Amino acid sequence: MSARRPVRRGRAGLACGAVGFARRAAGLACLALGLASPAGADDAPAWAELEVPARVEGLKCVDADGDGVRDVLVVGGREVRGWRGARGGLPTAAPTWTWRVPAAATF
């Protein structure tokens, strides 16, 4: 059995390649991550422009609300923004949820 190399982690706990991607997405996030139904041969690519913080430190697509559809979560500083995934569509530009991590909390 071979030893596995540890994955180098960035500031947000993401693999370094993901952190680089998140930084490049600072102005807007364009998503074609399977949040919408697959595009047909004649359809334009599915993507959405999201209102993200100026500095994006983390990006995660996960079913956060338990409805079976992946949602988008973005971390920027102590602010976390979330967009509810839409079955057969894309999320709206404005976030559905916004949380502020308290100064006393560590993450």
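Helices (H or I, at least four residues) and strands (E, at least two) are taken here as DSSP runs, numbered from the N terminus. The model on screen is predicted, with local features requiring pLDDT of at least 70 and side-chain atom pairs counted only at pLDDT 80 or more, while totals for chains, interfaces and linings use all residues. Residues are numbered from 1 along each chain as its sequence is written, and side-chain values use heavy atoms, with hydrogens and water left out.

**Stop 1: strand S4**

Select residues 71-76, which form strand S4. Of these 6 residues, 5 are buried (under 20% relative accessible area, where exposed is over 50% and partly exposed lies in between, with a 1.4 Å probe and protein chains only), so the strand is largely enclosed by the rest of the structure.

**Stop 2: the neighbouring strands**

In the hairpin of S4 and S5, where 2 residues lie between the strands, look for Gly77, whose phi is positive, near 65 degrees.

**Stop 3: Asp71**

Now select Asp71, which lies in strand S4 and counts as buried because its relative accessibility is 0%. Its contacts (heavy atoms within 4.5 Å), not counting residues up to four places away in sequence, include Lys60, Trp83 and Trp97. Which backbone nitrogen lies 2.7 Å from a polar atom of the side chain of Asp71? That of Gly85 does, and the backbone nitrogen of Asp65 lies 3.3 Å from a polar atom of the Asp71 side chain.

**Stop 4: Asp65**

Finish on Asp65, located in the loop between S3 and S4 and partly exposed, with a relative accessible area of 28%. Beyond four places in sequence, Asp65 touches Asp71, Arg84 and Trp97. The side chain of Asp65 makes a polar contact with the side chain of Arg84 at 2.7 Å; such a contact is a pair of N or O atoms within 3.5 Å, where, within protein, one must be able to donate a hydrogen and the other to accept it, and residues adjacent in sequence count only if both atoms are side-chain atoms. Computed along the sequence, Asp65 and Arg84 are 19 residues apart, with 7.9 Å in space from C-alpha to C-alpha.

How values were computed: Two strands pair if DSSP finds at least two bridges between them.
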